[in-house]
Every structure is written in structure tokens, then in C-alpha cells.
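Here is a briefing for a first look at this structure. Keep the sequence and the 3D view open as you read.

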Amino acid sequence: MVRNSASRYAASIGLTIAPFATLVILWWLLRLTGLINPGLLPSPLQVARTFWSTLTGGELLINIAMSVVRVLGGLLLGTAAAVPVGFLIGWYRPVGRLLDPLINFFRALPPIALIPLVIVYLGIGEIAKIAILFYASFFAAVIVMYEGMAAISPIYVRVARTLGATDFEIFARVMVPLTVPHMLVALRVALGVCWATLVAAELVAAQQGLGAMIQNASAFFDLNTIYLGIICIGALALLMDTILRRLTTRIVGWQEKIER
Amino acid sequence: MSANAPALERLRFENISMQFPTDRGPLEVVHEVSLSIRAGEFVSLVGPSGCGKTTLMNMAAGFVKPTRGSVTLDGKAIAGPGPDRGVMFQEYGVFPWLTVEENVAFGLRLKANRKPAKERAEIVERYLKLMRLWDFRKAYPKTLSGGMRQRLALARAYAVNPDFLLMDEPFGALDAQTRSAMHDLLLDILGAEGKTVMLITHSVEEAVYLSNRVVVISARPSRVRSVVEVPFPYPRHHALQETPEFNELRASVHELVMREYAAQEAQRTTED
Ligand SMILES: Nc1ncnc2c1ncn2[C@@H]1O[C@H](COP(=O)(O)OP(=O)(O)OP(=O)(O)O)[C@@H](O)[C@H]1O
Ligand SMILES: [Mg+2]
């Protein structure tokens, strides 16, 4: 039994790693064939070496930490604001109808388009970056929240009412549990948007962070570091998304089907 | 339900009509229905699918108001849903985020009928065992079959002990054996506590077996086509269903109902 679950665990890890390993091998083979000028395509080994030296040198960790803190800060502030707002406009349908076009406008507007404006108003400090990420995650999350709420079947509220629930009890015991799955989806969607926006923001205006690291490296034509930065961003985004997905399975395992 | 029950009127539909707006103009679903249910009475409504039975129940529950006419409970117009009327919905409405036992305990945690933890646990245990769901008490509804969900909804409705039960096809998803066990359970509960029941069903047999009166509803729009008194005294037992008297009555109600099903069918083919 134990053995069985352990070997299943190993198999699942193997299945996760295999595609990435294949990708690295293809990359390495591509370089060996010489189809692409070796000066334009670093080898996996070179990138790994850069990884090690920047890691031990400390600058990689600082860049990662800067980026992660910004993403988490913007994400948490943005979704924290989006949840109550999504609740309100999901609950009071007329308000929702009124705000719907506005919210869709701001959601459709890529946050990156606002970066120059934010730089003008807020400069290039941390406030500016958090502000843009707040914007990005807020609109992504609010729309998921309120579309999720609109899709909630009224039967549960009706059942609760016939059992004698007050408005507050309906809110706390029915609406909140029913919106938790939507909050988690909102968080995941916002997370994706946040990473995209952050890197753009750091490319334009930052001293530190993975985006800045890539930008600086590109000035020196340092392809190893550029590749390293790209891989780090992908890996971190994937890691955070995986954590959220696990959390989702854990918290809302009661759902008939879980969005993955 | 018993012969000496006071004939106090509880629920009253007074000349009600109901129209729903649709793309093709207003659709009349209920037409001038008058009906009253006395305290302790068990009244069943039978009629073809789509004739407006659930709409009538929603009025009694307080979810919709009739376009014309009035619905009163104990002489007062029904303003909204409340814990005095327990509702068993056609689509169950089992809470998916709660386990089986939490579903049953839900009503008992609300201010309106809060019970101390110990008493709550006893009530939950009692109904889960009666519904044969005890072994599944920790499971989430997504793992339950349709019939189990229906029994869970029944347990939840019974647990808060309302004295007026509105039940919309509450046994439709059950197999014959379970269904008959549920009939006896309901009769037991009613016999012990003198509740009033309005039951919607497609089973004439069930209606005749359980009720004081069976109301045959016409094809849409709903009208009261006929009201059949069921003379058999309570407590009733299964043996009743084998008697010639029972079968005679069942056959005559069946005949009335079939006529309405045929009318509904004709209506549907001309509509399409
Ligand atoms: N909110 C609504 N808006 C428009 N039409 C409605 C609405 N609710 C019910 N109807 C219509 O009213 C009619 C009666 O519906 P109702 O649910 O009361 O039928 P029913 O007798 O309970 O049927 P069944 O036995 O299939 O449950 C149907 O034709 C339905 O389409
Ligand atoms: Mg119905």
C-alpha cells in the first residue's frame, strides 16, 4: 500500500518532469546541429552555469525576491479589493448592469498600456509597480468574481430561506461558501495577468527584478542571463499556479468538477 | 389528518391566476384556482408535467406572488418564505459544499430554530438513520446518487420540524422499495406530530395512499379539475393498497388524471 502510493508519487513526478527534460534535450540537440548560430543560442549547460554563479553571487535571489514580492503585493491587494466589489455588483444585479461596460473596458485595456502613464504620475518606484499590478489583478479578479456569482443557482438561497435563514445567515452560510471557488479562480487568473504585467513594468522601469535583469542583460547581449531570466519567470509562475491549484483542490474539493 | 383534527383552515388559494411573460407574449400558467388546506390535512396535487404545480407551490412557499387573487396562510397574506413552511424542492437543492450531516444540521444552526449541539447531533443522527444515509454522513453530495440526494433533502426538511410541509415530487427519484419506506416514514412523522402537508406528485397511487384529498389539476393553465376525498382512516398500512376499495379509487383518479395528460399532450403538439 505504502509502496504503491510512493511509486505512484514517483511516477507523477516523473510525468511532470519528462516534458521539460525533453524540451532541454531538444534545445541541446538544436544547438549541436548548428542550425542556429551558437552565438545566438546558449547551451543549457551555459545557462545552468550562469544560474549557479548568479545564485551563489546572491543577485539572482534578490531579483527573484523583488519580482515575487511585487507580484504577491499587487495580487493580494488587487484581489482583496476585487472580492467585496465583485460581491456587491454580483449581488445587486442593477449595479452590475450599470458597471458592466466600464469594468469590461478597463479589463480589456491591457495594463501594460498604462505603464507610461503610471511612470508620469508615480515615477518608477515600488508604488508605481504595485499600482499597476493592483490595477491588473483587480479588473481580472473582479470580472471572474462577478460572473461566477451571476452563475450561482438561486435554489440554495431559496432552500436556506425556507429553513429560516436571515439575510446575514444567507450571506455567511450560503453566499460565502459558494463564492470561495470563484475567489480561487479569480486569484489564478489575476496571478497570470500579474506576472505578464510585472515583467513588462520591470523591463521599462526597474533597477531590480527578473524583468530588469533581462533588460540589463540584453544591453550587454548577455544571452545566458536572458535565458536564465525567462526560465526563472516561467518556473515561478508555474510554481505559484501549482500551489494555487493544489489549494483549490484542497479547499473546494466538494465541487462536482474542479476547474484546472 | 385524524378524524378529530380541528377543521381550522390554514392555507388558502383564493381565485388565483398567474401569468409569466414570454417571448410569445404572456403565458397563463394558473387560471382562477381556489383551494384551501385545513390544519392536519394531507392534500396531494396531481396533474401533467408543466401544468403549473410547482408554480402553485412556489406561491405557498412565498417565492412568487400570483398575478391575480390571494394566497393566505392562517388568514394572513403570504409575504415571503419562512421556517413555518418546510419546502422540499423538486430539484432538491442539496448544499454541495457541506457534508451529508452538515446539510441536515444546516437548519438547526440557524437562529430561527437553533438547537444546542447535543440535541442537534441527535436529530441529525435520527434522520440520517431513518433515511439510510448514516454511513455516508461524512461524504459530500457529489458522491451521492440521485435517490440519496433526494433522501438527504428530505432529512434536511424534516429535521427543522416545520408544521406545514410543501413537498414537490419528493419521492420521484427513489426505487419502489425505498419509496414505500419513505411513505411510511412520512405517515409516521405526521401521525405523531399532526402536520399539514401539500404534496405534488405524478404517482396516483402515492397520492391516494397518503392523502385526505387528491386534487387533480388540469392541463396548462392550471385549474382545479376535481377534488377526490380519500375515505380511508389513518393510520394506513401497506395492506390498504391491496384492497379493492383502494384500487377502485386509484383507478378512478387515474382516469381523471389521464384525461388531463392527454389534453396536455394535444396542447403541446398544436403549440409546436
Ligand atoms: N419563471 C417563469 N417564467 C416563465 N415561465 C415559467 C416560469 N416558471 C414556470 N413557467 C412555466 O409555467 C409552466 C408551469 O411550470 P411548473 O414548473 O409550475 O410546472 P409543473 O406542473 O411543476 O411541472 P412538472 O410536473 O414537470 O414539475 C411551464 O410551462 C413553465 O414553462
Ligand atoms: Mg414541478
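## A helix held inside

Helix H1(B) is largely enclosed by the rest of the structure, because 8 of its 9 residues are buried. This is a predicted model.

**Helix H1 of chain B**

- The buried residues of H1(B) include Lys53(B), Thr55(B), Leu56(B) and Met57(B).
- Further along H1(B), Asn58(B), Met59(B), Ala60(B) and Ala61(B) are buried too.
- Thr54(B) also lies in H1, which covers residues 53–61 of chain B. Its relative accessibility is 28%, so Thr54(B) counts as partly exposed.
- An α-helix has 3.6 residues a turn, so residues three or four places apart point the same way.

- Thr54(B) sits in H1, while Gln90(B) sits in the loop between E6 and H2 of chain B, so the pair ties together parts that are 36 residues apart in sequence.
- Gln90(B) has a relative accessibility of 34%, so it counts as partly exposed.

**Cis peptide bonds in chain B**

- Arg220(B) and Pro221(B) are joined by a cis peptide bond, with omega at about -5°.
- Pro221(B) belongs to the loop between strand E9 (213–217) and strand E10 (224–229) of chain B.
- A cis peptide bond also joins Tyr234(B) and Pro235(B), and its omega is about -5°.
- Where is Pro235(B) found? Its place is the loop between E10 and helix H7 (244–271) of chain B.

**Positive phi angles in chain B**

- Tyr92(B) is not a glycine, yet its phi is positive, near 65°.
- Tyr92(B) lies in the loop between strand E6 (85–88) and helix H2 (100–109) of chain B.
- Is Tyr92(B) buried or exposed? Its relative accessible area is 17%, and buried means under 20%, so Tyr92(B) is buried.
- Arg132(B) is another residue other than glycine with a positive phi, here about 55°.
- The loop that holds Arg132(B) runs between helix H3 (117–130) and helix H4 (146–159) of chain B.

**Chain B as a whole**

- Chain B contains 7 helices and 10 strands.
- Its radius of gyration is 19 Å, close to the 19 Å that the globule rule gives for 272 residues, so chain B is as compact as a globular protein of that length.
- The C-alpha trace of chain B spans about 55 × 50 × 40 Å along its principal axes.
- Of its 272 residues, 54% count as buried.
- Take the contacts in chain B between residues at least 6 apart in sequence: 70% of them join residues at least 24 apart.
- Chain B exposes about 12100 Å², and carbon and sulfur atoms supply 52% of that area.
- There are 34 positive and 33 negative side chains in chain B. The centres of these two sets lie 7 Å apart.

**Chain A as a whole**

- How many helices and strands does chain A have? The count is 10 helices and 0 strands.
- From the N terminus on, the elements of chain A run α-α-α-α-α-α-α-α-α-α.
- Along the principal axes, the C-alpha atoms of chain A fill a box of roughly 70 × 60 × 30 Å.
- Chain A has 260 residues, of which 40% count as buried.
- Among its contacts between residues at least 6 apart in sequence, 75% join residues at least 24 apart.
- Chain A exposes about 14400 Å², with 72% supplied by carbon and sulfur atoms.
- Chain A carries 18 positive and 11 negative side chains, and the centres of the two sets are 8 Å apart.

**A loop residue in chain A**

- Ala151(A) is in the loop between helix H6 (126–150) and helix H7 (155–162) of chain A.
- Ala151(A) has a relative accessible area of 62%, and exposed means over 50%, so this residue is exposed.
- Ala151(A) and Gly90(A) are 61 residues apart in sequence, but 9.4 Å apart in space, C-alpha to C-alpha.

Notes: Residues numbered from 1 in each chain as written. Chains lettered and ligands numbered in written order. Predicted model: local features only at pLDDT ≥ 70, side-chain atom pairs only at ≥ 80, totals over all residues. Heavy atoms only, no water. Helix = DSSP H or I, 4+ residues; strand = E, 2+ residues; numbered from the N terminus. Rg over C-alpha atoms; globule rule 2.2 N^0.38 Å. Buried < 20%, exposed > 50% of the residue type's maximum accessible area, 1.4 Å probe, protein only. Contact = heavy atoms within 4.5 Å. Areas by Shrake-Rupley, 256 points an atom, 1.4 Å probe, with all protein chains shown as cover. Lys, Arg positive; Asp, Glu negative; His and termini not counted. Charge placed at Lys NZ, Arg CZ, Asp CG, Glu CD.
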